[in-house]
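This briefing goes through selected local features and the nonpolar cores of one protein model. Please look at the sequence and the structure first.

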Amino acid sequence: MREGSGGEVGLSGREPTRRTPGTPCWTSLMVHSLTATQEFYRGLFGWEFRPGPAQYGPYVRASLDGRPVAGIGELAPGLRLPVAWTTFLASDDADATAERIRGCGGTVAVGPLDAGDEGRMAIASDPLGAVFGIWQARGHLGSEGGGEPGTPVWTELLTPDTASVCKFYQTVFGCEADPVVSAEDDYVTLTVRDRPVAAMHGVGNSLPRDLGSHWTTYFEVEDPDVAAHRVTELGGRVVRASEDMPTGRCATVADPEGAAFTVVRTES
């Protein structure tokens, strides 16, 4: 994580405005037990839940103070898929974006499909297999909030090396790339209209074999150490203990079904 997550950019837009294409606008999770997962995140972040579009199965929207922050759906019984948070990137035309994904070596696994009057979506993966969503907003514009505890504030792609996929996201979404010039750190910040929206971190062989290349969501908390302890109390686990980073203290954790995410206290 690097400096620059805030405002309309990233996932912490303060007003419910339409996101610029290429900007992370929503994060969603598909699980085996919707009820148990709601209890976990209610206990961790204080989320409240209300029904969302259900034409593709049980689905709820998590909210804080009445503002949507994330979505959680339930997998069909017997469907044994990995459980992971999915980052959705904004698009003005989901069908055209899906075609660019295919043309740039990515894969479109689901959609594009209409989600009622809320928007149009697809699930895709980049050439190295990192799964992400695309969201063409209509009635639902995405996550709202100004970086308060319990809200998504940043998103980052962990990948073997950034050079292999950076051009893909630039071409598909029109992002610009701002690399860190360092022999030790393969890190690229993606910008839209000169504002940071996400990042890519090339981690080489240290990429977990069970996850592969993947996007990870950062959620703001008041105290990452306390939040990590609370995760274990609620049946989750700590993947990487709390540590101080350039823009704040963070810990990587996983919920009881194994979905990993990062809790962070960003520096103002």
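With which side chain does the side chain of Ser91 make a polar contact? The partner is the side chain of Thr97, at 2.7 Å. The model is predicted, and the points below are grouped by topic.

- Ser91 sits in the loop that links β5 (85–90) to α2 (94–103).
- Ser91 counts as buried because its relative accessibility is 6%, and the cut-off for buried is under 20%.
- Besides the contact with Thr97, the Ser91 side chain reaches the backbone nitrogen of Ala94 at 3.5 Å.
- When neighbours within four places in sequence are left aside, the residues in contact with Ser91 are Pro21, Thr97, Trp135, Gln136 and Ala137.

**Nonpolar cores**

- In soluble globular proteins, nonpolar side chains tend to be buried together.
- The largest nonpolar core here has 27 residues. Tyr41, Phe45, Trp47, Ile72, Trp85 and Phe261 have the most contacts inside this core.
- Two or more residues of this core come from each of these elements: β1 (24–31), α1 (34–45), β3 (59–64), β4 (67–74), α4 (224–233), β15 (248–254) and β16 (260–266).
- The element that gives the most to this core is α1, with five residues.

**Backbone geometry**

- A cis peptide bond runs from Gly111 to Pro112, with omega near 5°. Pro112 belongs to strand β6 (residues 107–114).
- Asp65 is not a glycine, yet its phi is positive, at about 55°. Asp65 is placed in the loop between β3 and β4.
- Is Asp65 buried or exposed? Asp65 counts as exposed because its relative accessibility is 73%, and the cut-off for exposed is over 50%.
- Arg193, also a residue other than glycine, has a positive phi near 55°. Its position is in the loop between β11 (186–192) and β12 (195–202).
- With a relative accessibility of 70%, Arg193 therefore counts as exposed.

Definitions and conventions
Residues are numbered from 1 along each chain as its sequence is written. This is a predicted model: local features need pLDDT of at least 70, side-chain atom pairs count only at pLDDT 80 or more; totals for chains, interfaces and linings use all residues. Side-chain values use heavy atoms; hydrogens and water are left out. Helices (H or I, at least four residues) and strands (E, at least two) are DSSP runs, numbered from the N terminus. Buried means under 20% relative accessible area, exposed over 50%, partly exposed in between (1.4 Å probe, protein chains only). A polar contact is a pair of N or O atoms within 3.5 Å; within protein, one must be able to donate a hydrogen and the other to accept it, and residues adjacent in sequence count only if both atoms are side-chain atoms. Contact means heavy atoms within 4.5 Å. A nonpolar core is a set of buried Ala, Val, Leu, Ile, Met, Phe, Trp, Tyr and Cys residues joined through side-chain atoms within 4.5 Å.
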